[in-house]
Amino acid sequence: MGNKSWIIYAALLVVFWGVWGAFSALPTQIYRYPDQMVYIIWAFTMLIPCYFSLRHKRFDRRAIAAFYGLLIGLAGAGGQLILFKALTIGPAYLIFPVVSISPVITVLLALLILREKVSRVGWAGVVLALVSIIMFSVPDSTKAGLQFGAWLMLAVIVCVCWGSQAFLMKRAANAGINDASVFAYMTISGLLLVPLAFLTMHGNGFDFSWKAPALTTAIQLLNAIGALFLVMAMSRGKAVIVAPCTNALAPILTIVLSLAFYRAFPSVWSVSGIVLALCGSTLMVYSEEAAGTVPLAASVR
């Protein structure tokens, strides 16, 4: 697929995470399924794409691979658990706007540490994409006045964790660690935190209809497959391009599906976000196509 293959994997990521975002809340809304059980099921669904990614691939057992892989996994899974805690003590409509700016962390780290270069056209796209992400969060953040508390610190930690995770994926690719190994370590990290999820769960997570875990499994499998495509896109493209591009486009599909299934009409802010996201992503892809310098990770086999 050449050195533009990151575009294909980024597009697949947007599809899977866009659909996942539209239906992710169904188990808790319909069956009041605990968030911790959602995490536990997600951790086990990671095994499915992990198995297929490792087929005919070499599992990297080097110390540096384990270090980056586990760090990436713990940043993602740990951020998820911290988010659950934040949601129990703070308002979701203020927490998620804070978490949603995680691509800013990725972009800053990619610029300062990886020294990634972006053309002026690409920069215009990055800025538009980042602004669009904020636009998607405005309807939630304006529902009530700011009420600072411990939840804010936890939300900032989640933002840093997820922003750093995307950067570390690119760092791991630059270190010659293949996609399958990175994702395998991510899967291991997620499973390691399953006992902690059980400990933080109030009540028995098994006193539910079989439909709750079945629905959760189907939805979280989309999340897990999307995570694999994120690793693949990040290893092949620039972090400063991939992170804002995918984080801007996935909510568009979520909004479209929500409109179709829930009759939830987007606000003026969301429509503005959609326009900015489409313009920004188009500029970013165009800039990389024109430059023809997107590096294909040496680790891809």
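Colleague: How do the residues lining the second largest pocket divide into nonpolar, polar and charged?
Modeller: In this predicted model, the lining of the second largest pocket divides into four nonpolar, four polar and two charged residues.

Colleague: And which residues are they, and what is the volume of that pocket?
Modeller: The second largest pocket has a volume of about 240 Å³, and its lining is made up of P34, D35, Q36, L81, F84, K85, T88, L196, T200 and H202.

Colleague: Which elements give two or more residues to that lining?
Modeller: Those elements are α3, which covers 35–45, and α5, which covers 63–89; the largest share, four residues, comes from α5.

Colleague: Changing topic, how many helices and strands are there in the chain?
Modeller: The chain has 14 helices and zero strands, so that the pattern read along the sequence is α-α-α-α-α-α-α-α-α-α-α-α-α-α.

Colleague: Which residues pair up in salt bridges?
Modeller: The count comes to three salt bridges. R58 meets D60 with an N to O distance of 3.9 Å, R62 meets D60 at 2.7 Å, and R236 meets D179 at 2.5 Å.

Colleague: Which residues are linked in a network, then?
Modeller: R58, D60 and R62 are linked in a network of salt bridges, with D60 taking part in the bridge to R58 and also in the bridge to R62.

Colleague: Is D60 buried or exposed, and how do the two arginines come out?
Modeller: D60 is buried, with a relative accessible area of 0%, whereas R58 is partly exposed at 42% and R62 is partly exposed at 38%.

Colleague: Next, the helix lengths: what span should α13 have?
Modeller: Helix α13 runs over residues 239–262, and at 1.5 Å a residue its 24 residues should span 34 Å, which agrees with the 34 Å between its end C-alpha atoms. Just after α13, R263 takes a positive phi of about 55 degrees.

Colleague: And how far does α9 reach?
Modeller: α9 has 25 residues and reaches 36 Å from first C-alpha to last, close to the 36 Å expected at 1.5 Å a residue. Just after α9, G176 takes a positive phi of about 85 degrees.

Colleague: What can you tell me about L152 in that helix?
Modeller: L152 is found in α9, residues 150–174, and is partly exposed, with a relative accessible area of 25%. L152 and G90 are 62 residues apart in sequence, while their C-alpha atoms are 7.8 Å apart in space.

Colleague: Last topic, the loops: where do R32 and R115 lie?
Modeller: R32 lies in the loop between α2 (26–31) and α3, and R115 lies in the loop between α7 (102–112) and α8 (120–141). Although R32 is not a glycine, its phi is positive at about 55 degrees, and R115, not a glycine either, has a positive phi of about 60 degrees.

Colleague: Buried or exposed, those two?
Modeller: R32 is exposed, with a relative accessible area of 71%, and R115 counts as exposed at 58% relative accessibility.

Conventions. Residues are numbered from 1 along each chain as its sequence is written. This is a predicted model: local features need pLDDT of at least 70, side-chain atom pairs count only at pLDDT 80 or more; totals for chains, interfaces and linings use all residues. Side-chain values use heavy atoms; hydrogens and water are left out. The expected span of a helix is 1.5 Å times one less than its number of residues. On a 1 Å grid over the protein atoms alone, a cavity is a set of points where a 1.4 Å probe fits but cannot get out, and a pocket is an open set with protein on both sides within 12 Å along at least five of seven lines; lining residues have an atom within 4 Å of a point. Grid points are joined across faces, edges and corners, and a volume is the space filled by probe spheres set on the points. Ala, Val, Leu, Ile, Met, Phe, Trp, Tyr, Cys and Pro count as nonpolar, Asp, Glu, Lys and Arg as charged, and the others, Gly among them, as polar. A salt bridge is a side-chain nitrogen of Lys or Arg within 4 Å of a carboxyl oxygen of Asp or Glu. Buried means under 20% relative accessible area, exposed over 50%, partly exposed in between (1.4 Å probe, protein chains only).
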